[in-house]
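Could you walk me through this structure in the viewer, telling me what to select next and what is there?

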Amino acid sequence: QVQLVESGGGLVQPGGSLRLSCAASGSISSIYAMGWYRQVPGKQRDMVATITIGGDRDYLDSVKGRFTISRDNAKNTVYLQMDSLKPEDTAVYYCNHKRFFMAVITDYWGQGTQVTVSS
């Protein structure tokens, strides 16, 4: 099992910045990708940013140039730096880790953290 604990959400004005953190613990040796997803009520959960153990990054088109995903291997923590925030970035943000073990891929999710962009 993998446990994910998120932090860093909150209320910010348009144009502001926030940094989300996700600390992983447990059976993390077989994790091959980490990422952030977001969801608003009544809509599907969308990928925002992902990073593989090899360092490859992928971003939702609407956040490219504004959000940056990074990781600190020593702390088993992945971050999402969000700059130039817009009201449409308002959502619950979820940390995700993907684990490949015994030929099975398992998704692990954090509890979610609310990000609200409003004046």
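Here is a short tour, from the whole chain to its core.

This is a predicted model, where local features need pLDDT of at least 70, side-chain atom pairs count only at pLDDT 80 or more, and totals for chains, interfaces and linings use all residues. Residues are numbered from 1 along each chain as its sequence is written, and side-chain values use heavy atoms, leaving out hydrogens and water.

Start with the protein chain in cartoon view: you will find eleven strands and zero helices (DSSP runs, E of at least two residues for strands, H or I of at least four for helices, numbered from the N terminus). The radius of gyration is 14 Å, close to the 14 Å that the globule rule gives for 119 residues, so the chain is as compact as a globular protein of that length (taken over C-alpha atoms; the rule is 2.2 Å times the number of residues to the power 0.38).

Next, show the C-alpha atoms, which fill a box of roughly 50 × 30 × 25 Å along the principal axes.

Now colour by burial: 39% of the 119 residues are buried (under 20% relative accessible area, with a 1.4 Å probe and protein chains only).

Then select Trp36, Phe67, Ile69, Val78, Leu80, Met82 and Tyr93, the residues with the most contacts inside the largest nonpolar core, which has 27 residues (buried Ala, Val, Leu, Ile, Met, Phe, Trp, Tyr and Cys joined through side-chain atoms within 4.5 Å). Strands that each supply at least two core residues include β1 (2–7), β4 (31–39) and β9 (91–101). Finish on β3, which gives the largest share, four residues.

Key:
Buried means under 20% relative accessible area, exposed over 50%, partly exposed in between (1.4 Å probe, protein chains only).
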